[in-house]
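Please open the structure in your viewer and keep the selection tool at hand.

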Amino acid sequence: MTGMKATGQKQLMLFSGRTHPALAEEVAKELGIEVVPTRFDTFANGEIFMRYLESVRGSDAFVIQSHADPVNESIMEQLIMVDALKRASAKRITVVTPILGYARQDKKHRGREPISSRLVTDLFRTAGADRMMAVDLHTDQIQGFFDGPVDHLFALPILADHVADQVEHSEITVVSPDAGRVRTADRWADRLGAPLAIIHKRRDPDVANQVKVHEVVGEVKGRVCVLVDDMIDTGGTIVKASEALFEQGAKKVIVAATHGVLSGPAAERLQNSRISEVVITNTLPVPQERSFDKLTQLSIAPLVARAISEVFTDGSVTSLFE
């Protein structure tokens with residue numbers, strides 16, 4: 001007989017960066033474990049140092065970090081955490097990004113532009129990640145950027161069930177704020193058994209976050225319109241889209257998005273708009289200054305925890321959405 005068999009069992013270990021520790025704690029509670037204690041330091045020049053305070057040898061490691069403001073620091077911190085796990089002999093490393101940084105830069109619109117989301121996934125692979133898990137990527141094609149298994153989770157069931165509890169199904173029209181979100185809106189329409197409408201818009205290619213809404217395709221008069229998107233950044237797109245819907249006779253507008261970035265004037269814009277409710281998940285932390293009365297935040301932790309459990313036990317992540 002050659003070789004030797006180990007007698008131990010697989011060990012799941014959950015690690016968290018400093019961006020959104022509250023979400024990591026929620027996920028750990030759902031799994032019935034604790035987040036591995038980790039020491040972090042930031043040097044005077046901005047360099048990051050970290051060290052795990054427990055042995056990680058042979059573990060099935062899950063590193064959770066939301067790429068929130070400051071995004072570059074969040075990504076770098078997670079890369080360093082992955083490198084530390086690789087050098088400490090973790091058996092398998094899964095990067096869990098409730099929101100993936102640079103996901104909007106997934107293709108070249110014009111010449112001499114980068115594809116930054118591909119760069120980010122390449123960096124994680126080079127650092128030592130074996131697998132990636134993300135919630136509602138900006139586009140499905142990003143799954144192909146990472147050279148390894150990618151578990152793409154959807155917040156749709158959580159958000160849609162909340163909306164369904166608030167509004168009569170027969171009154172709902174699901175609205176895509178642009179052509180790029182039609183597939184997502186179509187999934188919503190199927191789940192809610194509702195008709196679909198689309199807002200045609202054009203962006204100014206030379207001005208970031210500048211949107212011009214043109215026309216509504218579909219029947220929205222007298223309907224409760226549910227505007228669905230993957231993220232709300234400055235809120236400009238969503239507010240202008242809601243205005244277009246009201247101009248076409250919409251009775252009420254509810255906004256549902258997975259990621260609440262809420263940059264700059266977003267909170268004020270949304271609060272002062274005619275939108276009735278803005279529903280997001282907690283993939284990102286929402287500080288007090290970015291919160292507002294119309295905002296409802298739902299927890300993504302149970303979904304992430306179930307997905308981690310399925311990966312750890314070699315189960316099916318896809319079955320969570322079927």
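The stops below concern a pair of helices, a proline, a pocket and the cavities.

This is a predicted model, in which local features need pLDDT of at least 70, side-chain atom pairs count only at pLDDT 80 or more, and totals for chains, interfaces and linings use all residues. Residues are numbered from 1 along each chain as its sequence is written, and side-chain values use heavy atoms, with hydrogens and water left out.

**Stop 1: two helices**

Select residues 71–87, helix α2, and residues 116–127, helix α3. Helices (H or I, at least four residues) and strands (E, at least two) are DSSP runs, numbered from the N terminus. The two helices pack at an angle of about 25°, and their axes are 8 Å apart. Therefore α2 is roughly parallel to α3, a term for angles under 35 degrees. Axes are lines fitted to C-alpha atoms, for helices over the stretch in contact, and angles run from 0 to 180 degrees between N-to-C directions.

Next, colour I75, Q78, L79, V82, D83 and K86 of α2, which meet V120, L123, F124, T126 and A127 of α3. Contact here means heavy atoms within 4.5 Å. The contact comprises 7 nonpolar, 2 polar and 2 charged residues. In this scheme Ala, Val, Leu, Ile, Met, Phe, Trp, Tyr, Cys and Pro are nonpolar, Asp, Glu, Lys and Arg are charged, and the others, Gly among them, are polar.

**Stop 2: a proline**

Move to P302, in helix α8 (residues 301–312). Is P302 buried, exposed or partly exposed? Its relative accessible area is 31%, so P302 is partly exposed (buried is under 20%, exposed over 50%, partly exposed in between, with a 1.4 Å probe and protein chains only).

**Stop 3: a pocket**

Select F154, L156, P157, R187, R191, L320 and F321, which line the second largest pocket. Helices α4 (156–166) and α5 (182–192) each give two or more residues to this lining. On a 1 Å grid over the protein atoms alone, a pocket is an open set of points with protein on both sides within 12 Å along at least five of seven lines, a cavity is a set where a 1.4 Å probe fits but cannot get out, and lining residues have an atom within 4 Å of a point.

**Stop 4: a cavity**

Finally, select S16, G17, H20, L23, I64, Q65 and S66, the lining of the second largest cavity. By class, this lining has 2 nonpolar, 5 polar and no charged residues.

Key
Parallel < 35°, antiparallel > 145°, perpendicular 65-115°, else oblique.
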